[in-house]
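Subject: Handover of a structure and summary of findings

Dear colleague,

Please find below the structure that I am handing over to you.

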Amino acid sequence: MKKDIDFGISYGINETIQFGKKLAKIIEPGDVFKLEGDLGAGKTTFIKGVVNALGYNGIVSSPTYTLINEYNINPKIVHIDCYREQNIDRWFFLGINDYFDDNSIIFIEWPEILESIIPINKSYKIRIKSIGNNKRDIRFSL
Ligand SMILES: Nc1ncnc2c1ncn2[C@@H]1O[C@H](COP(=O)(O)OP(=O)(O)OP(=O)(O)O)[C@@H](O)[C@H]1O
Ligand SMILES: [Mg+2]
């Protein structure tokens, strides 16, 4: 199934979390979501909504040093942030291919470096764009 939700405009953090919760309703094991948007756009906030909807209520932070955060919920959610690691060999060293092999659902911030190993058939792109103050335009894109 090709996923497409018209999220629309978020007017604050909580609304972005709600959009993440909305996505959580239609995700399936193996899905990969590439999150596009500038620094501080709200990518991590959106992922917080997804994991909250699946029953995880702990802290959701950026995988700044770990590079990969895993949430052992059902289905398992993997949050990857490539911003600080642009060396593909380092990702291979971390076993990045294994994440795509299993039935997790993967969210990737700054995904460009991993583009060649992301499975095309089950990957989607979500763009978050700041349109001033606390306003964000959130949508699926091609
Ligand atoms: N409508 C909104 N939705 C999400 N975040 C918002 C919104 N309005 C303001 N913000 C602020 O924008 C920031 C979003 O931070 P977040 O870590 O989610 O962004 P990010 O895209 O993951 O950034 P990075 O690329 O640095 O990882 C927070 O400081 C939050 O308070
Ligand atoms: Mg982030």
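This is a predicted model: local features need pLDDT of at least 70, side-chain atom pairs count only at pLDDT 80 or more; totals for chains, interfaces and linings use all residues.

Is Ser123 buried or exposed? With a relative accessible area of 12%, Ser123 is buried, where buried means under 20% relative accessible area, exposed over 50% and partly exposed in between (1.4 Å probe, protein chains only).

Residues are numbered from 1 along each chain as its sequence is written, chains are lettered from A and ligands numbered from 1 in the order in which they are written, and side-chain values use heavy atoms, with hydrogens and water left out.

Surroundings of Ser123

Ser123 belongs to strand S6; helices (H or I, at least four residues) and strands (E, at least two) are DSSP runs, numbered from the N terminus. A polar atom of the Ser123 side chain lies 3.5 Å from the backbone oxygen of Pro119. Not counting residues up to four places away in sequence, Ser123 touches Lys2, Val32, Lys34 and Ile118, contact meaning heavy atoms within 4.5 Å.

The sheet and its helices

An open sheet is formed by 7 strands in the order S1-S7-S6-S2-S5-S4-S3, with mixed pairing; two strands pair if DSSP finds at least two bridges between them. S1 and strand S3 (68-71) are the edge strands, each pairing on one side only. From one strand to the next, the twist averages 20°. Axes here are lines fitted to C-alpha atoms, for helices over the stretch in contact, and angles run from 0 to 180 degrees between N-to-C directions.

Helix H1 packs on the sheet and touches S1, strand S2 (32-36), S5, S6 and S7, its direction making about 135° with that of S1. H2 lies across S2, S3, S4, S5, S6 and S7, and runs at about 165° to S5.

S1 and strand S7 (residues 136-141) run antiparallel and are joined by 3 bridges; Ile9 stands opposite Asp137 in S7. The pairing of S6 with S7 is also antiparallel, over 6 bridges, and Ile128 stands opposite Ile138 in S7. The hairpin of S6 and S7 has 5 residues between the strands, and Gly132 in this hairpin takes a positive phi near 105°.

Of the 11 residues of H2, 8 are buried, so H2 is largely enclosed by the rest of the structure. Among these buried residues are Lys43, Thr44, Phe46 and Ile47. H2 is followed by Gly55, whose phi is positive, near 100°.

Thr44 in helix H2 (residues 43-53) and Glu109 in strand S5 are 65 residues apart, and the pair links distant parts of the chain. Both Thr44 and Glu109 are buried.

His79 lies in strand S4 and counts as buried, at 0% relative accessibility. The side chains of His79 and Glu109 are joined by a polar contact of 2.7 Å. A polar contact is a pair of N or O atoms within 3.5 Å; within protein, one must be able to donate a hydrogen and the other to accept it, and residues adjacent in sequence count only if both atoms are side-chain atoms. Leaving aside neighbours within four places in sequence, His79 is in contact with residues including Thr44, Ile47, Phe107 and Glu109.

Aromatic residues

Rings of Phe, Tyr and Trp (its six-membered ring) pair if their centres lie within 6.5 Å; planes under 30 degrees apart count as stacked, over 60 as edge-to-face and the rest as tilted. By this rule the count comes to 8 aromatic pairs. The ring centres of Phe7 and Phe19 are 5.6 Å apart and their planes are at 45°, so this pair is tilted. Phe7 and Phe19 are both buried. One aromatic cluster is formed by Phe7, Phe19, Phe33, Phe46, Phe107, Tyr124 and Phe140.

Yours sincerely
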